[in-house]
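Please have a look at it first, and then we will go through it together.

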Amino acid sequence: MDLESRPGDFDPMSFKRATLEEIEGVPFPHDLQKHWDLLQGFKARPDDLLICTYPKAGTTWIQQIVDMIQHGGDLEKCNHSPIYERMPFIEMPPVIKPLPSGVEQADKMPSPRILKSHLPVQLLPPSFWEQKCKIIYVARNAKDNVVSYYYFHHISKLMPEPGNWDEFLENFIAGKIAWGSWFDHVRYWWEAKDRHPILYLFYEDMKEDPAKEIQKVAQFMGLELPQSVLNQIVQHTRFDSMKANPMTNYSTLPSSILDQSVSPFMRKGIVGNWKEHFTVAQSEQLDDVCARLLQGSGLNFRTQL
Ligand code: PPS
């Protein structure tokens, strides 16, 4: 769907940056509150596959990997539409007209569906647990995650104003940003994997050995990948391939929603970019908070390869 060519449906002037409102103690962009009951009543189907992440942890990357696995490594079949149309973002309210809300989009979609969410585990609509849906979770180290999120706030009109870097980092550490505490998110999803079919992956592992992680995903989906198909998927889900692909790089969204002249959606795609942004004191502070809040969880993040 070409949003720019439907000017009657989309009025950029009426588009205001979000403010945050808490739902059950977790801050979300304001429009979500109005759609909460509808979202919580979401009807998951047993063959749904849910991709869940904290924002900017590698969501689009794993989405494209899963889609390519499902389509046997055939990029043309995946490229029929932008990634956000192929996989509904379930908590997305109907703010980008003419796109429907994530719930409406998913309801109309035939099975098997692949769905996207950034919800913390305690706020996931109950039907996902009832239907025992498979879930793939990707976690990324806090330092690179927060830097990526900071840039995204500058380009996305759906997010609140980020403030300066120091303020944003403080808010991230305090969990006072959209989708809440990174620490709670990664930790509670990690714990959930012991009682539910959840494949928990790390961005850093995907970067280090994409073929190995793609194989894990295929196995989790119950599929076998011949070597030639695996090679295709590795190639087409590399950072530079996805950056050049209009169906994965979000260039199909109007700049009044996502202004990629400020910073591209596919920005760096590396482990360790945080070093360009953190002071030594900030790095030590985040290390301390990570050690304290993840203590005893068994979770270990790598901040460089
Ligand atoms: S969103 O808006 O939450 O769905 O964003 P998300 O896709 O989770 O995160 C965007 C960051 O992931 C990087 N990215 C990749 N890295 C490596 N390889 C591939 N293929 C890839 N695709 C996306 C993207 O560049 C963003 O990270 P930064 O650090 O900002 O570059």
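The largest nonpolar core in this predicted model has 99 residues, and the ones with the most contacts inside it are Trp 182 and Trp 189. Helix α8, which covers residues 142–155, gives the most to this core, contributing seven residues. As general background, nonpolar side chains in soluble globular proteins tend to be buried together.

Next, the cysteines. How many disulfides does the structure hold? It holds zero, and Cys 133, for instance, is in no disulfide, since the nearest cysteine sulfur, that of Cys 52, is 12 Å away. Cys 133 is also buried, with a relative accessible area of 0%. For Cys 290 the closest cysteine sulfur is again in Cys 52, but at 19 Å, which is too far for a bond. Cys 290 counts as buried because its relative accessibility is 19%, and the cut-off for buried is under 20%.

Now to a pair of helices. In general, two packed helices are described by the angle between their axes and the distance between the axes. Here helix α12, residues 210–220, and helix α13, residues 227–236, pack at an angle of about 115°, with their axes 10 Å apart. Where they meet, Ala 211, Ile 214 and Gln 215 come from α12, while Leu 230, Ile 233 and Val 234 come from α13. Sorted by class, this contact of α12 with α13 has five nonpolar residues, one polar residue and no charged residues.

Finally, the backbone. Most residues other than glycine have a negative phi, and most peptide bonds are trans. Against that background, a cis peptide bond joins Ser 111 and Pro 112, with omega about 0°, and Pro 112 lies in the loop between α6 and β4. Lys 132, although not a glycine, has a positive phi of about 55°, and its place is in the loop between α7 and β5. Trp 179 also has a positive phi, near 75°, and sits in the loop between α9 and α10.

Note on methods: Residues numbered from 1 in each chain as written. Predicted model: local features only at pLDDT ≥ 70, side-chain atom pairs only at ≥ 80, totals over all residues. Heavy atoms only, no water. Core = buried A, V, L, I, M, F, W, Y, C linked by side-chain atoms within 4.5 Å. Buried < 20%, exposed > 50% of the residue type's maximum accessible area, 1.4 Å probe, protein only. Helix = DSSP H or I, 4+ residues; strand = E, 2+ residues; numbered from the N terminus. Disulfide = S-S within 2.5 Å. Axes fitted to C-alpha atoms, helices over the stretch in contact; angles between N-to-C directions. Contact = heavy atoms within 4.5 Å. Nonpolar A, V, L, I, M, F, W, Y, C, P; charged D, E, K, R; others polar.
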